[in-house]
Amino acid sequence: MGITMAEFLQFFFSGLTVGAIYALVAIGFTLIYNASDVINFAQGEFVMLGGMITVFLGYAGLPLPLAAVIAVPVTAAVGFALYRFAIAAAREATAVTLIIITIGASIFIRGAAEIAFDKRFHSLPPLFGSNPIRVGGATILPQSLVVLGGALIILVLLWVFIDRTLFGKAVIAISANRTAARLVGIDTRMIVGVCFALAAGIGAVAGILVTPITLTSYNVGTLLALKGFAAAMLGGIGSATGAVVGGVLLGLFEALAAGYISASYKDAVAFLVIVAVLFAMPQGLLGTAKIERV
Amino acid sequence: MVKEKRMIGRLPIAALGLGLAAALVAAPAWAQVKIGAVLSASGPASFLGDPEKKTLEIYVADINAKGGINGQKLQLVVYDDGGDANAARTFATRLVEEDKVVAMVGGTTTGTTMAMIPVFEDAQIPFISLAGAIEIIQPVRKWVFKTPHTDRMACEKIFADLKRRNLTTVALISGTDAFGHSMRDQCIAVAPQAGIKIATVENYGPGDSDMTPQLTKIKATAGVQAVINTGFGQGPAIVTRNYRQLDIAYPFYQSHGVASKQFVDLAGAAANGVRLPAAALLVADKLPDSDAQKSVVIAYKKAYEAAAKQAVSTFGGHAYDGLMILTQAAQRAGSFDKARVRDEIERTTGYVGTGGKVNMSPADHLGLDLSAFRMLEIKNGDWTLVSDSGS
């Protein structure tokens, strides 16, 4: 088996494609974790909702750009509702309880989607056509570059938002010390709610960009959430840059494992990553170690 | 307080009495014959199970409107297993124990069918499966039949087409679902007699969204002249898209697991040029008038497309054949006695359905031969018949 450069390049592009998808999901995890210490396993469902709502509005007759523009705020509203009615309502529950609540919410959203939409697979047309771009003997779809570009743009916009706006400063304050933030007059509930809405909106954008490649259906959220979580852990759960790095790395590991070892174990890679990170390096690649003073 | 209690105590008894009386009066109306169907209307096999469900509903209603079978109306009990074999088995047990069905037409996928077979064999209820693998009817099981062509037949048909085109070395890429896996094994088993050499085998999970690594390895394997993809659901659609993305020039074959317009829609322009063995139903309008199946497939196509507002797929056709074989057997038996219906199903001869001409026997619980399969090619998003001379 001659391992040629062209083959390696193809595996690399394949890894970049799925990695960009995981990166977008991981950014959503990071945002909510930073704002509220909650690991939101319903993040995958937001990605599903973005794609499915756009597809079905398209079937209903709306032009697809308009459908996409409507799908994002609708999903953001679902994110806000998740916070308002499930997380905030649980008040001072422990972190584990809140995580289980998000798992329950993801099951609920998936069930609602199954009834509201249908159980089949759907696609969206790619933004820049489907003629592959040839580089060095390998090919990459234009849509993969769109997803990668989208992840980078969202990362930059998020950074600007968190670092340069008053709202963003409030988010940083809340993540540093929630009680102190409340004491200085920050409305933590509203801000965290908006963060949930923002993460849901980012998930929706991810879903719209990714559907032309991976297709969408009411149950794609589950596996995406798990892989996005693995990516976020790998990159460092508190860091948005880490989320992108973790996502791309996870995608590359998967593609290389599929190419050089065996495709049957591809899904195992994400779970092995979670286990390895939690054992050896819980703060991930770019996160800061949490030091608790006893 | 005590007085009120006594008054209230009499009401439920009166209500119960009325209810029982009503039930007794209405009893004859409830004596419907129940036919069970455990289908995968959701999940990865949804584009197989959903047309099957719609077909059964349309035709049971149609049969009832024409007076039923043996003077009795049919009641269809449908459960959706979502493609999960465990769920299917649970629903099968429910059909047998709670709904007390007389027969079952269902089992969308090989995985769900194999899980349900023991339930129906133990209960001695005829089970007509709608799944593809040959292991469903080989070895022959007394109570189990099936209507779709087997995966072995698909391999034989594809190999015959390859030989005609002078192609002898192929690569296989298979889904790890039961059907994809089974057809892969059948192709490997049948290849030597057909004079075909299998150069390499790759696989993918049915929920995977990117198969370019596997296709890259196939592209890099020397001597490959054609590629066969065995599987169903959205996996083959993604494999097909990836195939064109990677610019792989060899002829590409799919299995009859993708014989639905949904595959063509999902794969898009990438589907053009793909060949697959499938039932004549897909090319109903293009069949020559002399073809024995033409009238049956056109009638089914019209009825299905009008009622379901969707293009026909062979999967719905298999459900139609299953229901027709069952009800015709029941008519010949003159009753819904399970053992007699089973015997009549086994005696089905000369039934022309959407899948082909069926001639069952105690040794053959499928009844189709290779001529029932047609080789199709997808051109401009539509099915076309490949003539026997191979073009």
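# Contacts, helices and loops

Biologist: How many residues of domain 2 of chain B are in contact with domain 1 of chain B?

Modeller: Two residues are in contact if their C-beta atoms, placed from the backbone, lie within 7 Å. Domain 1 of chain B brings 18 residues to this contact. Domain 2 of chain B brings 20 residues.

Biologist: Which pLDDT do local features need here?

Modeller: Residues are numbered from 1 along each chain as its sequence is written, while chains are lettered from A and ligands numbered from 1 in the order in which they are written. This is a predicted model: totals for chains, interfaces and linings use all residues, side-chain atom pairs count only at pLDDT 80 or more, and local features need pLDDT of at least 70.

Biologist: How far apart do the C-alpha centres of the two domains of chain B lie?

Modeller: Domain 1 covers 33-149 + 293-360, and domain 2 covers 152-278 + 374-385. These bounds come from an automatic or database domain assignment. The distance between the C-alpha centres of domains 1 and 2 of chain B is 28 Å.

Biologist: Which element gives the largest share of the side of domain 1 of chain B that touches domain 2 of chain B?

Modeller: Helices (H or I, at least four residues) and strands (E, at least two) are DSSP runs, numbered from the N terminus. On that side of domain 1, two or more residues each come from α2 (46-65), α4 (110-123) and α11 (314-333) of chain B. The largest share is three residues, and it belongs to α4(B).

Biologist: How many charged residues are on that side of domain 1 of chain B?

Modeller: Ala, Val, Leu, Ile, Met, Phe, Trp, Tyr, Cys and Pro count as nonpolar, Asp, Glu, Lys and Arg as charged, and the others, Gly among them, as polar. The side of domain 1 that touches domain 2 has 10 nonpolar and seven polar residues. Its charged residues number one.

Biologist: Which element gives the most to the side of chain A that touches chain B?

Modeller: Here 26 residues of chain A are in contact with 28 residues of chain B. At least two residues of the chain A side come from each of α1 (5-36), α8 (188-214), α10 (240-261) and α11 (266-280) of chain A. With six residues, the element that gives the most is α1(A).

Biologist: Why is helix α7 of chain B largely enclosed by the rest of the structure?

Modeller: A residue is buried if 20 or more other C-beta atoms lie within 10 Å of its own, exposed if 12 or fewer, and partly exposed in between; C-beta atoms are placed from the backbone. The buried residues of α7(B) include B:Leu215 and B:Ile218. They pack against α1 and α10 of chain A, and against β6 (169-175), β7 (197-204), β8 (226-230) and α8 (234-245) of chain B. Helix α7 (residues 212-220) of chain B is largely enclosed because its buried residues number eight of nine.

Biologist: Are α5(A) and α8(A) roughly parallel or roughly antiparallel to each other?

Modeller: Axes are lines fitted to C-alpha atoms, for helices over the stretch in contact, and angles run from 0 to 180 degrees between N-to-C directions. Helix α5 (residues 142-164) of chain A packs on α8(A) at about 165 degrees, with the axes 9 Å apart. Angles under 35 degrees count as roughly parallel, over 145 as roughly antiparallel, 65 to 115 as roughly perpendicular and the rest as oblique. The two helices are therefore roughly antiparallel.

Biologist: Is the crossing of α2(A) and α3(A) left-handed or right-handed?

Modeller: Helices α2 (residues 43-59) and α3 (residues 64-87) of chain A pack at about 140 degrees, with axes 8 Å apart. That makes α2(A) oblique to α3(A). A crossing is left-handed if the near helix is turned anticlockwise from the far one by less than a right angle, and right-handed if clockwise. This crossing is right-handed.

Biologist: Is A:Gly58 buried or partly exposed?

Modeller: A:Gly58 lies in helix α2 of chain A. Not counting residues up to four places away in sequence, A:Gly58 touches A:Leu64 and A:Ala67. With 19 other C-beta atoms within 10 Å, A:Gly58 is partly exposed.

Biologist: What is omega of the cis peptide bond at B:Pro139?

Modeller: B:Pro139 sits in the loop between β4 (127-129) and β5 (144-146) of chain B. The cis bond joins B:Gln138 to B:Pro139, with omega about 10 degrees.

Biologist: What is phi of A:Asp37?

Modeller: A:Asp37 is in the loop between α1 and α2 of chain A. A:Asp37 has 15 C-beta neighbours inside 10 Å, so it counts as partly exposed. A:Asp37 is not a glycine, yet its phi is positive, at about 60 degrees.
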